[in-house]
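Please work through the exercises below with the structure at hand, trying each task before reading its solution.

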Amino acid sequence: MFAETREFSATQFVKTRCTTDGTPSFLTWSGYLYSFMPNEPKRKLFQIVGMSVGRCIDKGDGAWDFASREVLLYLDPETGEMIRHWQNPWTGEMLPVVHVANSPIQGTFRRNIPAEVEGDTATFIFDLFGHYPNPLADDPKFAEYCDRPMYNSVELFKLAVPIADLEDPKATTVSKLVLSWNRVGPWLPWMKMGQREGNLIYSASGKKVKDFNELPAILKKEIETRVPMFKDAPSEKIEGEEMTSWQYFKLHFDAYLQGATFPIPTLIK
């Protein structure tokens, strides 16, 4: 039997992604990152572990601003240990690993959002296709780090939550969230793959946790010692563009060339 499709309000979705009381909300996920190249078997390149801390701000009339930050770490594919340098298996070159520390990531929720309903569970499904000019493509110095002039990717999200929490007027957040995330995208710029054909495939699952202390230990250590501002979400939407891994690489390119350790340390803001 197929699930029924129902619409939920923006406020009910806020309970899923954040909380309705303005406190920060934490998602975490883990999985693997693979290469996918023509005429070549897949390679398991990294374990991945990530987190997002987000806040939803009530703007009235059922509309909510969303402001967040996210960290994703690339780990040894077998041991799960933190790695700072990676030997590119196609070129043999040893390269700094540019772990993800993106801020801000933001948006607005104001419309009803459909979900697949089966039994006591609602699953929000988001199939997001990115297609825009590659921010590295307009500068020749990035030729070895930019494989195509247009950035193309697809991200497939599923967020499964209890319907009872969505419908309970006293609940400020869901009691449980099961997350699935899959992504197909281009080579990361720090991999220095030039114009080689191929893509990266991310496969991960995760959940919502109560607070920062419930994140995986490796994430907590990295955030506390290098990017403590990621312990909290922005208090409001921030003016300007969202940060992406490509823009972050462009911003810190000189540090990358000098072999810096990533993520680049940030102060609490």
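Predicted model: local features only at pLDDT ≥ 70, side-chain atom pairs only at ≥ 80, totals over all residues.

Residues are numbered from 1 along each chain as its sequence is written, and side-chain values use heavy atoms, with hydrogens and water left out.

**Exercise 1.** Compare the radius of gyration of the protein chain with that of a compact globule.

*Solution.* Begin with the rule, which takes the radius over C-alpha atoms and sets the globule value at 2.2 Å times the number of residues to the power 0.38. Then turn to the extent of the C-alpha trace, which spans about 55 × 45 × 40 Å along its principal axes.

**Exercise 2.** Explain why helix α1 can be called largely enclosed.

*Solution.* First, buried means under 20% relative accessible area, exposed over 50% and partly exposed in between, with a 1.4 Å probe and protein chains only. Next, seven of the eight residues of α1 (residues 10–17) are buried, so the helix is largely enclosed by the rest of the structure. The buried residues of α1 include F13, K15 and R17.

**Exercise 3.** Find which residues touch the most other members of the largest nonpolar core.

*Solution.* A nonpolar core is a set of buried Ala, Val, Leu, Ile, Met, Phe, Trp, Tyr and Cys residues joined through side-chain atoms within 4.5 Å. The largest one has 78 residues, of which Y74, W190 and M191 touch the most other members.

**Exercise 4.** Describe the lining of the largest cavity.

*Solution.* On a 1 Å grid over the protein atoms alone, a cavity is a set of points where a 1.4 Å probe fits but cannot get out, and lining residues have an atom within 4 Å of a point. Among the lining residues are Y74, H99, N102, W190 and F249. The helix α4 gives the most, with three residues. By class, the lining divides into seven nonpolar, three polar and no charged residues, where Ala, Val, Leu, Ile, Met, Phe, Trp, Tyr, Cys and Pro count as nonpolar, Asp, Glu, Lys and Arg as charged, and the others, Gly among them, as polar.

Terms used. 1 Å grid on protein atoms, 1.4 Å probe; cavity = no way out; pocket = protein on both sides within 12 Å on 5 of 7 lines; lining within 4 Å. Helix = DSSP H or I, 4+ residues; strand = E, 2+ residues; numbered from the N terminus.
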